[in-house]
Amino acid sequence: MSEFFPKIKKKVKYEGPDSKNPFAFKHYNPKQKIMGKTMAEHLRFAVCYWHTFKGLGSDQFGGPTIIREYNSSGEPMQVAEDTMLAAFELFTKLGVGFWCFHDRDIAPEADTLAETNKRLDQIVKLAKKLQKDTGVKLLWGTTNAFSHRRFMAGAGTNPSPAVFAYAASQIKKAVEITKELNGAGYVFWGGREGYDSLLNTDMARDLDHLAQLLRMAVDYKKKIRFKGQFYIEPKPKEPTKHQYDSDAGNCFAFLQKYDLVKDFKLNIEANHATLAGHTFQHELQFCVDNGILGSVDANRGDLLLGWDTDQFPTDIYDTTLAMYIILKSGGFTTGGLNFDAHVRRQSIDPYDLFHGHIGAMDAFARGLKNAAKMLREGKFEKALKKRYAGWETALGRKIENGKAGFEELEKYTIKNGEPKLASGRQELLENILNEYI
Ligand code: XUL
Ligand code: CO
């Protein structure tokens, strides 16, 4: 069997913080135990198929810059098989436990849906064998119902029911193959579910249709006994101006309106959070507070560029705060950290894929270690408790339990006068945070 990354002879190893080997982990030590679980169990790293193997550096101003050996045969199904072999070689050499894919990443579309599904079956057979041989598992599968021109006006929110039906058929098959590969989850990212102009859009109707599509997916999941978790992945814009699943709060409102909360959790992507004008931590905390945190697309944007740059996460501040929220909430169950990230257009060497992932895994390992220490020492929790201590008094309890009304509170205020104020201590807390980073 030909090797696609021959320079990496064996699995990338942990060599500790003093190592200068670019192909070694400095912080990610998969077997190291932290708060009762190994780092690998906490972090549940996944490589995404689309950026890592299908992304070739194109942007709006130019075509591909990256040439990959597994694309060289030119015959579509041979390319698909070679790519799958290259993918599992990279997964194993990196030592990640999971991968994620869209249906159209792993097999190219044929002329008809039936032919396309046959191609998928062929490639899924190979993926299943490779999963068995390597022990790498599927974190989640998903459908690409946004690239083909038929989906130019959306999939579930398309004005045409025939396009809706096409999307439903595609999702049906993608859920089936995700089940076949024993996926722990399945993601719905509303690729083009949104609009560019209200002059040609019936927003209320679109959202009713989207809910209907998700309901059908839930019914089918039950019918075929797929046990994986369904996730929605919020994103506010790009490709459309107004994506319907714009942020975690918006998704939660949608799920509540259509009585779907019990069937879905969210897949929070760092770069989508910032596009929505939130921090990554904000979106994670919102999900934890509402019981809907499922999985994470771990990447970052660029402060100076206003779009979804999908860069590998390297910011320890961000990974620490993210892992603090995730650890505090009890950690991942079905979810994990999927690197929805790609190398830059100029990073044309196949080993750049290793540099990107190794750096990202180390960044999250450091985040995990920092977060565990923050939790063990409990300084932030103590400060929070102190700040909210008033709510433990008779007055606070009464308000929280719904036992006080406006008249009673007015009496209290007249009697007690001006409330005593306390400092928010943000600067001090930020300084304490830096002690962990
Ligand atoms: C797009 C995005 C997708 C989803 C899966 O911005 O993040 O790749 O993660 O469809
Ligand atoms: Co994503």
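Modeller: What follows is a conversation about this predicted model, taken up one feature after another.

Biologist: How do you know that the chain has two domains, and where do they lie?

Modeller: An automatic or database assignment sets the bounds, and in the protein chain it gives domain 1 at 33–377 and domain 2 at 381–436. Taken over C-alpha atoms, the centres of domain 1 and domain 2 are 40 Å apart.

Biologist: What makes you say that domain 1 and domain 2 are in contact?

Modeller: The cut-off for a contact is heavy atoms within 4.5 Å, and 10 residues from domain 1 and four residues from domain 2 take part. The area buried between domain 1 and domain 2 comes to about 680 Å², with carbon and sulfur atoms giving 57% of that area. On the side of domain 1 that touches domain 2, helix H11 (316–328) and helix H12 (352–377) are the elements that give two or more residues, and the residues of that side comprise five nonpolar, two polar and three charged.

Biologist: What polar pairs and salt bridges are counted between domain 1 and domain 2?

Modeller: Two residue pairs in polar contact are found across the interface, whereas the number of salt bridges between domain 1 and domain 2 is zero.

Biologist: Why is the pair of Lys-173 and Asp-121 called a salt bridge?

Modeller: The rule asks for a side-chain nitrogen of Lys or Arg within 4 Å of a carboxyl oxygen of Asp or Glu, and in Lys-173 and Asp-121 the closest N and O atoms are 2.7 Å apart, so the pair meets that rule. Lys-173 belongs to helix H6 (residues 161–180) and Asp-121 to helix H5 (residues 113–134), so this pair ties together parts that are 52 residues apart in sequence. By this rule the count comes to 18 salt bridges.

Biologist: What makes Glu-233 a polar contact of ligand 1?

Modeller: The limit for N or O atoms is 3.5 Å, and an N or O atom in the side chain of Glu-233 is 2.7 Å from an oxygen atom of ligand 1, so the pair qualifies. For Glu-269 the corresponding distance to an oxygen atom of ligand 1 is 2.8 Å, and for a polar side-chain atom of Asp-297 it is 2.9 Å. Among the other residues that surround ligand 1 are Trp-50, His-102 and Lys-235.

Notes: Residues are numbered from 1 along each chain as its sequence is written. Chains are lettered from A and ligands numbered from 1 in the order in which they are written. This is a predicted model: local features need pLDDT of at least 70, side-chain atom pairs count only at pLDDT 80 or more; totals for chains, interfaces and linings use all residues. Side-chain values use heavy atoms; hydrogens and water are left out. Buried area is the accessible area (1.4 Å probe) that two parts lose on being put together, summed over both. A polar contact is a pair of N or O atoms within 3.5 Å; within protein, one must be able to donate a hydrogen and the other to accept it, and residues adjacent in sequence count only if both atoms are side-chain atoms. Helices (H or I, at least four residues) and strands (E, at least two) are DSSP runs, numbered from the N terminus. Ala, Val, Leu, Ile, Met, Phe, Trp, Tyr, Cys and Pro count as nonpolar, Asp, Glu, Lys and Arg as charged, and the others, Gly among them, as polar. A residue is near a molecule or strand if one of its heavy atoms lies within 4 Å of it.
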